[in-house]
Amino acid sequence: MNILLEPVSFMVVAIISGAIAGSFLSMVVHRLPLIMRQQWKRECREFLELEGKEASGASEISLSAPRSHCPLCNHQLRLVDNIPVIGFLLNRGHCNHCNHPIGWRYLTLELLGITVAITATLHFGPSSSAVASMWFGWILLALLFIDLEHRLLPDQLTYILLWSGLIINQWGLFTTPSGALFGAAAGYLVLWSIFHLYKMVTGREGMGGGDLKLLAALGAWCGWTLLPQILLVASLCGLLVTVPWILLKKESSYPLLLTAIPFGPFLAVAGWIALLWPTLLDIMLWGR
Ligand SMILES: [Zn+2]
């Protein structure tokens, strides 16, 4: 028997992978927005034909370079500092060179990466569904954090999620191949219609284009039948968080609910719930 399919060894591998994925994600969450900004600046420069005057100088950021370092003193991390969770605990959350506190985001993402792995394993058992849903959950985590911090849902991540969902469901892992295809198309079109209706009525843009692509990706993973559940759960979570937030901040109600807080994080959470608990809407509505 394949040792990887033993429940215990599968769980151990899942937890280690979750920690590594979480640590990689915190790097993605930190660097991807910087890479995008760098790209936009370069495109603007090229467009304005200023290339050459000030193009050189700043070193390029990518996912692999520069090596992980303290953002304050630029001290490069030791190998042991790069170990997820352990590195953070060893240094008690501070740079071991200049004592600058390490952001909460690193530990949170590492722990959430592990949580996703454990939840997927407990839910699906040692199986390809468990591995696929971990992939799904980890990318959603990165999207959630980037949207919270930067109000961005990078195409690089939403497209990976969309294509991988369409491919994985060719084997009918979570829905049928046609369910995934219609899910992707309908997910995009539903939000596209809401987006344009909202703009027609209020003259404002209620959400970013990234939300459309994210719901398309969720449709590709969960199938079109789960889109109502995803939208309902995301909106309910959104209301639960947004209303107290607006009341506390005493902001005027006009930057309406949709514009006050990014919608992406709620879609991400609702997508994860839909993949694992596809009958939640039935339970909410009819108690079964
Ligand atoms: Zn430092």
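The entries below begin with the conventions and then go through the site, the spans and the helix.

I am working with a predicted model, in which local features need pLDDT of at least 70 and side-chain atom pairs count only at pLDDT 80 or more, while totals for chains, interfaces and linings use all residues. Residues are numbered from 1 along each chain as its sequence is written, and side-chain values use heavy atoms, with hydrogens and water left out.

**Zinc site.** I looked up the protein donors of the zinc ion (N, O and S atoms within 2.8 Å of the metal, or 3.2 Å for Na, K and Ca) and found Cys70, Cys73, Cys95 and Cys98, each through SG and lying 2.3 Å from the ion. The angles that the four donor atoms subtend run from 105 to 113°, which makes the arrangement tetrahedral (four donors with all angles between 85 and 135 degrees). Along the chain, the donors follow the spacing C-x2-C-x21-C-x2-C.

**Annotated spans.** From the unreviewed UniProt entry I noted "transmembrane region" annotations, which include residues 130-148 and 218-246; such annotations may be inferred rather than shown by experiment. Residues 130-148 are 100% helix, with end C-alpha atoms 27 Å apart, and residues 218-246 are 86% helix, with end C-alpha atoms 28 Å apart. Helices here are DSSP runs (H or I, at least four residues).

**Helix α5.** I noted that Leu157, Leu161 and Ile168 are among the buried residues of α5 (under 20% relative accessible area, 1.4 Å probe, protein chains only). The buried residues of α5 pack against α1, α4, α6 and α7.

Technical notes:
Four donors count as tetrahedral if all angles lie between 85 and 135 degrees; four count as square planar and six as octahedral if opposite donors are over 155 degrees apart and all others between 65 and 115; anything else is irregular. Helices (H or I, at least four residues) and strands (E, at least two) are DSSP runs, numbered from the N terminus. Buried means under 20% relative accessible area, exposed over 50%, partly exposed in between (1.4 Å probe, protein chains only). Contact means heavy atoms within 4.5 Å.
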